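Student: I have a new structure to read. Can you walk me through its features, step by step?
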Amino acid sequence: MSVIRIRAGNGGTETRARRIDVRLKDHEYAVHVGSGARRLLPAVLDELGVGRVAVVSSAREPELPDPGVPFTVVPALDGERHKTLASVETYCRAFVEAGLTRSDAVIACGGGTTTDTVGLAAALYHRGIKVVHLPTTLLAQVDASVGGKTAVNLPEGKNLVGAYWQPSAVLCDTDFLHTLPRRELLSGYGEIARCAFIGAGDLRGLDLTEQIVASITLKASVVARDERDQGPRHILNYGHTLGHAIERATDYAWRHGEAVAVGTVFAGLLAGRLGRVDAHRVSEHREMVESFGLPTWLPSGVPVTTLVELMRRDKKKGPDTDPTLTFVLDGPAGVELVPRVHERMVSSVLADMPAGPAPASD
């Protein structure tokens with residue numbers, strides 16, 4: 001890991017960005033984390049040999065970083081309800097109108113929905129065009145922008161249509177986070193909290209930038225070993241099977257990180273019920289999530305049967321006739337993929353969890 005120094009304009013103050021390299025078999029890119037990291041964009045595009053870009057963002061044009069090359073602004077369709085194939089088509093048609101070729105690039109400047117949807121559009125347009133992510137939320141910085149998973153939702157479930165398409169660079173400017181609503185920040189902390197159980201250790205004593213760096217470093221190391229979810233990358237799904245079900249069951253009134261936080265608590269409880277971890281380790285899951293101010297309860301008004309049915313649609317699920325589910329769980333050998341957990345066991349653990357409302361908005 002290295003430090004990149006950035007000077008802002010003539011006589012501007014110097015800022016520092018941490019660099020994390022993601023090294024894959026056929027592709028390598030850098031993730032820059034720090035105050036002012038967005039100012040690296042012109043240098044990044046110059047190094048990539050890009051002559052023109054489309055910047056997809058919901059921000060006003062004066063608020064966007066200057067890419068240093070001719071650019072077209074494409075309004076982002078923000079929010080989980082726009083994470084659809086229709087949005088992907090809208091973006092691709094905008095790329096055509098902007099005259100983008102395979103030698104050009106797309107800039108995704110926004111939260112997790114923008115990152116996922118624009119990433120998929122970039123993967124499909126001309127069978128693949130370069131994409132640079134400028135994630136503007138904590139959730140997108142620690143999760144969606146790194147690793148190359150792009151996907152959109154269907155009415156039947158979350159992230160069911162997608163592709164692996166790695167970015168050419170990621171610029172995590174922590175200045176974007178200063179104006180985030182508290183609930184948006186908490187959603188990002190849901191991903192940071194679960195990192196404690198998949199190899200990052202307890203990140204609570206670090207400042208926010210170091211928490212982001214630690215989370216990305218962990219993810220980069222896992223993705224480098226398993227880009228396409230054939231083995232070790234499964235650990236990054238910790239808490240996500242139930243998390244995705246909660247999002248869908250509440251029509252996305254619960255945010256991703258909030259739902260993953262509850263999924264993390266559930267993962268600890270299920271591992272304890274299966275005898276994989278002791279009571280102290282189960283309690284650590286709840287304590288870690290609570291310490292970030294995140295929910296530890298299921299959404300009220302959602303039957304356990306609904307959550308189980310939604311989990312049955314998870315991408316790790318086997319044939320419909322199989323009454324078992326697969327989860328990523330803690331255990332004596334660490335976190336691993338655990339198949340054939342019977343639905344009766346899952347339902348029993350869920351039934352013992354308290355229920356309550358979604359966290360209040362600011």
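Student: Is Asn-159 buried or exposed?

Tutor: First, note that this is a predicted model. The cut-off for buried is under 20% relative accessible area. Asn-159 has 16% relative accessibility, so Asn-159 counts as buried.

Student: Where does Asn-159 lie?

Tutor: Asn-159 lies in strand β9, residues 157-164. Look at its backbone too. Most residues other than glycine have a negative phi. Asn-159 is not a glycine, yet its phi is positive, near 60°.

Student: What is the phi of Asp-229?

Tutor: About 60°, again a positive value in a residue that is not a glycine. Asp-229 is found in the loop between α6 and α7 (240-249). Asp-229 counts as buried because its relative accessibility is 16%.

Student: Now helices. What span should α6 have, and how far apart are its end C-alpha atoms?

Tutor: Count 1.5 Å a residue. Helix α6 covers residues 208-225, which is 18 residues, so it should span 26 Å. Its end C-alpha atoms are 26 Å apart, which agrees.

Student: Which residue caps the N-terminal end of α6?

Tutor: Asp-207 does. One of its side-chain oxygens lies 3.2 Å from the backbone nitrogen of Thr-209.

Student: Which residues of α6 are buried?

Tutor: Among them are Ile-212, Val-213, Ile-216, Leu-218, Val-222 and Val-223. The buried set also includes Gln-211, Ser-215 and Lys-219.

Student: On to strands. How many residues of β4 are buried?

Tutor: Five of its five residues, 53-57, are buried. Now think about directions. In a regular strand the side chains alternate between the two faces of the sheet. In β4, Val-53, Val-55 and Ser-57 point one way. Ala-54 and Val-56 point the other way.

Student: Which strands pair with β4?

Tutor: Strand β5, residues 71-75, runs parallel to β4 and is joined to it by five bridges. In that pairing, Val-53 stands opposite Phe-71. Strand β6, residues 105-110, also pairs with β4 in the parallel sense, over five bridges. There, Val-55 stands opposite Ile-107.

Student: And β3? Is His-32 buried or exposed?

Tutor: His-32 lies in strand β3. Its relative accessible area is 6%, so His-32 is buried.

Student: How many residues does the largest nonpolar core have?

Tutor: The largest nonpolar core has 67 residues. Those with the most contacts inside this core are Val-31, Leu-242, Phe-266, Met-311, Phe-327, Val-346 and Leu-350. Helix α8, residues 256-273, gives the largest share, eight residues. Another core, of 21 residues, lies apart from it, and includes Ala-54, Ala-76, Val-106 and Ala-108.

Student: What is Leu-350 in contact with, leaving aside neighbours within four places in sequence?

Tutor: Its contacts are Leu-242, Phe-266, Leu-298, Val-304, Leu-307, Val-308 and Met-311.

Student: Last topic: charges. How many salt bridges are found?

Tutor: Start with the idea. Side chains of opposite charge can pair when their charged atoms come close. A search of the whole structure finds 24 salt bridges. In one of them, Asp-173 meets Arg-38 at 2.6 Å, N to O. This pair links distant parts of the chain, 135 residues apart. Asp-173 is in strand β10, while Arg-38 is in the loop between β3 and α1. Both Asp-173 and Arg-38 are buried.

Student: Which residue forms a salt bridge with Arg-183?

Tutor: Glu-258, with the closest N and O atoms 2.6 Å apart. Arg-183 sits in helix α5 and Glu-258 in helix α8, 75 residues apart. Arg-183 is buried, and so is Glu-258.

Student: Take the salt bridge of Asp-322 with Arg-340. Is Arg-340 buried or exposed?

Tutor: Arg-340 has a relative accessible area of 59%, so Arg-340 is exposed. Asp-322 counts as buried, because its relative accessibility is 16%. The closest N and O atoms of this pair are 3.5 Å apart.

Methods: Residues numbered from 1 in each chain as written. Predicted model: local features only at pLDDT ≥ 70, side-chain atom pairs only at ≥ 80, totals over all residues. Heavy atoms only, no water. Helix = DSSP H or I, 4+ residues; strand = E, 2+ residues; numbered from the N terminus. Expected span 1.5 Å × (residues − 1). Buried < 20%, exposed > 50% of the residue type's maximum accessible area, 1.4 Å probe, protein only. Polar contact = N/O pair within 3.5 Å; in protein donor to acceptor, adjacent residues only side chain to side chain. Core = buried A, V, L, I, M, F, W, Y, C linked by side-chain atoms within 4.5 Å. Contact = heavy atoms within 4.5 Å. Salt bridge = Lys/Arg side-chain N within 4 Å of Asp/Glu carboxyl O. Pairing = 2+ DSSP bridges.
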